[in-house]
Amino acid sequence: MKMRKTKTLYLICALGIFLVSCQKEVSLQNLGGQGNTNNTNITGDWKFIGLNAKTYTGIIISQGGESAKTVTVSDYNTENNAGTLKVTANQFIFTGISHTVNDEANVKTYLNGVLFDDSDMPFDVTTPPTDNTINYVRNNNDSLTFTNAMMTLPDPSGGTTSAPAGPLGARVSIVADTLTVFTKNSITETISQGGIPATFDIKFESTMKFKRQ
């Protein structure tokens, strides 16, 4: 069975424009436990200074008794970060958020459960300036819930489709003048890969950092 290369799909997942999830609970493990409980006021103006993302993307296609699976894993930090965040009492207002990625992603391909190929692919991406406004509810000092987050998924034409992701939990931490926002995503969808139904599985951890202006 011939399987189309999945580079476009894993780029979509790995970039996943911020705050895309179906999960309501996240862990503070990636914040290093360094939240400053004496400074919990997140409202104000912030400059975007970087994003770390850990991603897993699995695509499974079955047809005629055969199966193919591609697993793409990446762990990257963004460069050339730009844009701002304004936090009000109930909104995160992102303006002109952009960055580049210059890294690699590991891609494993399995045919009928047997490893067929294991290779690293260049992961060089430029994300153009993006604006987004997300409503939130503050749960406590280090936890909030985004109420209108969206997810971005590939469509059969090769483009993308935005869809509501439901409530999204996030952890926040302030150390000195730096705000950290941690989200953890898990999405499973059925898509069409070359006209053949496929299972599309995404796991995504995002740590965004901002400096107070």
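Visitor: What makes asparagine 80 exposed?

Guide: Exposed means over 50% relative accessible area, buried under 20%, and partly exposed in between, using a 1.4 Å probe and protein chains only. Asparagine 80 has a relative accessible area of 59%, so it is exposed. Asparagine 80 is found in strand β3, where strands (E, at least two residues) and helices (H or I, at least four) are DSSP runs numbered from the N terminus. Asparagine 80 also has a positive phi of about 50° although it is not a glycine.

Visitor: Where does asparagine 112 lie, and why is it called partly exposed?

Guide: Asparagine 112 lies in the loop between β4 and β5. Its relative accessible area is 45%, so asparagine 112 counts as partly exposed. Asparagine 112 has a positive phi of about 50° too, although it is not a glycine.

Visitor: How do you know how far to trust what we are looking at?

Guide: This is a predicted model, in which local features need pLDDT of at least 70 and side-chain atom pairs count only at pLDDT 80 or more, while totals for chains, interfaces and linings use all residues. Residues are numbered from 1 along each chain as its sequence is written, and side-chain values use heavy atoms, with hydrogens and water left out. The term pLDDT is the predictor's confidence in each residue, from 0 to 100. Its mean for the protein is 78, and 73% of the residues reach 70 or more.

Visitor: What makes a group of residues a nonpolar core?

Guide: A nonpolar core is a set of buried Ala, Val, Leu, Ile, Met, Phe, Trp, Tyr and Cys residues joined through side-chain atoms within 4.5 Å. The largest one here has 22 residues, of which Ile42, Phe92, Leu179 and Phe210 touch the most other members. Among the elements that give two or more residues to this core are β1 (44-63), β4 (91-111) and β9 (168-175). The largest share, four residues, comes from β9. Apart from this core lies another, of 15 residues, including Ala105 and Phe200. As a general background, nonpolar side chains tend to be buried together in soluble globular proteins.

Visitor: What does phenylalanine 92 touch?

Guide: Contact means heavy atoms within 4.5 Å. Not counting residues up to four places away in sequence, phenylalanine 92 touches residues including Ile42, Leu85, Tyr136 and Val181.

Visitor: How do you know that β6 and β9 pair?

Guide: Two strands pair if DSSP finds at least two bridges between them. β6 and β9 have four bridges, in the antiparallel sense. Serine 143 stands opposite arginine 171 in β9. Of the eight residues in β9, seven are buried.

Visitor: Why is the link between aspartate 45 and lysine 86 called a salt bridge?

Guide: A salt bridge is a side-chain nitrogen of Lys or Arg within 4 Å of a carboxyl oxygen of Asp or Glu. The closest N and O atoms of aspartate 45 and lysine 86 are 3.0 Å apart, so the pair meets that limit. Aspartate 45 is in strand β1 and lysine 86 in strand β3, 41 residues apart.

Visitor: How many salt bridges are there in the whole structure?

Guide: Four are found. One of them joins lysine 108 and aspartate 118, at 3.7 Å from N to O. Lysine 108 lies in strand β4 and aspartate 118 in strand β5, so the pair ties together parts that are ten residues apart in sequence. Aspartate 201 forms a salt bridge with lysine 203, with the closest N and O atoms 3.0 Å apart.

Visitor: Is aspartate 201 buried or exposed?

Guide: With a relative accessible area of 17%, aspartate 201 is buried. Lysine 203, at 39%, counts as partly exposed.
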